[in-house]
Amino acid sequence: MTTLEHQVGSHPIPNPQKSLITKLHMGTGLVIGAIFAFGTYYWLRSGQDMTVARNVNKVLLISMFMWSFGFMLGIGAFIGPFRWLIGKDLTAEEQLFLAGEGQGVSRYFRYCTDHKVVGIQYLVGVMAMLGVGGTLAMMIRTNLISPGSKFVTPVIYNSLVGLHGITMIVAMIVVSTGPFGNFILPIMIGARDMAFPRLNALSWWVLFTAIPVLCSAWFLGGIPTGWTAYAPLSVQAGPGMNAFVATIIIFAISTAVAGANITATVVTMRAKGMKWNRVPIFVIGATMSVALAIPAFPTFMVSMIMTALDRTAGTTYFDANFGGSGWLYAHLFWIMGHPEVYVILLPGVAILMEVAPVFVRKPLFSYTAAILGFAGIAGLSVLVWAHHMYMSGWLPMLNGPFMVTTEMISVPTGLIFLVILGTLWRGKPWMKLPMLSVYAFLWNMLIGGVTGVYLSDVPADNYLHGSMYVTAHFHYTLMGAALTGAIAGLVYWFPKMTGRMLNERAGYISFWFTQIGFQILFLGMFIAGAEGQPRRVADYAAVYRNSDRISTMGAYLIGTGMITLLWAVVHSWRKGAIAPMNPWGAKTLEWTVPFPVPLENFDEAPIITSDPYGYGRSEK
Amino acid sequence: MSSHDHEVEEVLPPTPGDRVITFLKRKDVVQSFVLGIFFTLVFVILGRDFYPKWMPTIMSTDMKANEALMVAFTYISAPVCGVVLGIATYTFLNRHTGDTPPEDGPAIRTNTPVVVVWGIVSSLMALLAIIWGLVELNVGSEAAASEARTAMVVEVTGSQWVWTFKYPAQGIETHELNLPIDQPVIFDVISSDVNHSFWPVQLGVKVDANRLQTTVVHTTPTKLGAIDVKCAELCGLYHAYMETTGQIMTAADFNNWVTAQGGHVA
């Protein structure tokens, strides 16, 4: 057991004198980024006819990228690479400084290479993004409270829909692999840090620069396209669209770096004796998720570069008038888009699989089936993208094959259910918050999965495509399953990340408000979809009044639950009960290190002799 | 452990049949089974009632097939939901509360027959869904081929934010979609700007409207009454208001309407 006094301690605070590194932090990044952005903007603007949309797009896009570049320069991201150019590297003292040793809170605002700092940065960043996305969702539901409601104008409504969508997607992609993949995962595998600590800092701060860019969309007239940003609507759209394009390109760089880093860490830095069949299942799920993102996201980036070129340089990739095609965009988008939903889902599920054995005190049921399930989902997910295009009119003869691959995904998904049910079977689940999330997952994923089978079927999709039914379906999988898993992870690892226990009562209140509100919201939305209400509509006919009103009430319950969770996190982080080293009695390595986790995690490199699921009394 | 072992040693090695019977008599199995049956029934009732209750009037052969398929899929998935929710609820009822962890449960690491059977059954169910869907698709395309000879053509144009219907054989152009009953109809759909999605709701068909690319969808209206036409693809500012209505009419009414619009009866 350890207490908060057992801090910093033995190491002297490094002091690399006169090094530029010590003078750079988030503040200098913001200043230099702003100078780059506005400097570029006013400089480029002066020579251009700003009444031409193409010139506006060009100036804005370049300014946004210059912001990102300037920020990274200002925070010191390029000092290391620059030293390499002149044949040197950071000194040992500088490296120790970058690792944040002995700097207290200020290290969270620096280009810090310690994986635990990056994990906390991701956690706070993700919570901020979810907060913004959730607020947008509340505004959407408020506008839909009754037909003809004039809470917001259609322009603002469409922007709300698009920004809610993309903010949530970005947040959900990193919600588990960001905080837990960086903070917990290296400790779990017995590593001293990530394989590429500087790239780790890079991935977070690059993602950070995308956030103001995305927010700027709001002030540039919003985005009219939804998060799918279909061309040619996106090519026609106003200046706010540039913010969307720039965000995705920046975000794709961040995820590529993070994905390569996590994958390399897991492949090369596992503790001695941690064979592949002894790796904790969260590590497997998180790695499959980020590894799946590596081939998937570049197509999104490419589609955005092409959109940017169509908007600025006069190319016609997506303009049918000149031989382009909107279908090309749809393909590029969904080749990313369908693996992407599993990039979101897998780590959430993996967290719940990690949690279940601990709270049931039984081994994970059929580790092999879990791996097969993950691998089957990841493998099939790259072959199903055109099920989003059944109704696009693009080659209807291929609808059959895509229906086959899509429905095959239900088989590995079934294995995921088997693993969790098998783990629960004949156990006495300890009803702590993470365990409740496992049950919430089973219900939500069941509904999400079954409705997914309807949607994958072409004749049913004839009716349901583009309706509220689809929206309800994917919220069941992404929010009901993946976010529930991430919240379980937050509660489960909160003691290790903050040294304190999450306030349990507030956690329960939040859980029930959120989950009950969730069922009400999306039951209403399933009904609205079955009744024939299209998605993404700012207004609707009177026949959908009841179902939409039910949905809005459910949304407010979720809002209440999420605010409670936020309060619980903030309050517990500051004043919660001090956590013991291993409050849940788990057997994975992260519970063997004290809080605060020392730099480089382990005094002595751990040696692994079995998998971490050795619970249970043996019986014949 | 030891007392349990004694019991096993005293009796003869059980036959597979005995083991199945012993398994089925276990309290946890019986409980899960009863709960499973309960949840299966819940979903069967849900399947029977949900879509017929909430979906709009069936006004075409396609809509009828869509709804039948969704009802059937809910029936098929009902036992799956029953198994999952039955086991989950049974374990939930056995929960442990308090601030100390429960005792360890049995160390069941895997059970090969269960994994294999689970895999095979879920594969068969997926196969059933796949075959069903493919058969429906095939029926649909055969119907299209046979209807094509006698079908009436309507050229649908989506533009921000209005639907336009052109009846080439009748020589009229309108913003409301009126169709004669029991007459196969082919919609040639195109967009004059961004993507839209043509959705005559009660007819149960849908296809995107793309710029300079005609997409085709067909159906046969089978019931008289009003229909709604909506746009199912976000198309910009007034996407929500890009809707119109129409009527499925008797052939005589349709011809009168065509004449009143200044067209000629084909």
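1. A helix here is a DSSP run of H or I with at least four residues, and helices are numbered from the N terminus. The residue that follows H8(A) under this numbering is A:Gly221, and its phi is positive, near 100 degrees. The model is a predicted one.

2. Helix H8 of chain A itself covers residues 197-219, a run of 23 residues. From its first C-alpha to its last it reaches 35 Å, which is close to the 33 Å expected at 1.5 Å a residue.

3. Chain A is assigned two domains: domain 1 takes 1-97 + 104-111, and domain 2 takes 112-592. Their C-alpha centres are 28 Å apart. In the contact between them, domain 1 of chain A supplies 23 residues and domain 2 of chain A supplies 25 residues. On the domain 1 side, helix H2 (residues 53-75) of chain A gives the most, with 13 residues. By class, that side of domain 1 of chain A holds 14 nonpolar, five polar and four charged residues.

4. Chain B is also assigned a domain 1, made of 12-93 + 113-146, and a domain 2, made of 150-260. The C-alpha centres of these two domains of chain B lie 37 Å apart. Ten residues from domain 1 of chain B and 14 residues from domain 2 of chain B take part in the contact. Helix H4 (residues 61-93) of chain B provides the largest share of the domain 1 side, four residues. That side of domain 1 of chain B divides into five nonpolar, four polar and one charged.

5. Between the chains, 77 residues of chain A are in contact with 77 residues of chain B. On the chain A side, the largest share comes from helix H15 (residues 410-424) of chain A, with eight residues. The chain A side that touches chain B comprises 42 nonpolar, 23 polar and twelve charged residues.

6. Which residues have the most contacts inside the largest nonpolar core? They are A:Ile420 and B:Val84, in a core of 278 residues. The helix that gives the most to this core is H12 (residues 326-360) of chain A, with 23 residues.

7. A last point concerns the surroundings of A:Ile420. Leaving out residues up to four places away in sequence, A:Ile420 touches A:Leu352, A:Met353 and A:Ala356, together with A:Val438 and A:Leu442.

Conventions:
Residues are numbered from 1 along each chain as its sequence is written. Chains are lettered from A and ligands numbered from 1 in the order in which they are written. This is a predicted model: local features need pLDDT of at least 70, side-chain atom pairs count only at pLDDT 80 or more; totals for chains, interfaces and linings use all residues. Domain bounds come from an automatic or database domain assignment. Two residues are in contact if their C-beta atoms, placed from the backbone, lie within 7 Å. Helices (H or I, at least four residues) and strands (E, at least two) are DSSP runs, numbered from the N terminus. Ala, Val, Leu, Ile, Met, Phe, Trp, Tyr, Cys and Pro count as nonpolar, Asp, Glu, Lys and Arg as charged, and the others, Gly among them, as polar. The expected span of a helix is 1.5 Å times one less than its number of residues. A nonpolar core is a set of buried Ala, Val, Leu, Ile, Met, Phe, Trp, Tyr and Cys residues joined through C-beta atoms within 7 Å. A residue is buried if 20 or more other C-beta atoms lie within 10 Å of its own, exposed if 12 or fewer, and partly exposed in between; C-beta atoms are placed from the backbone.
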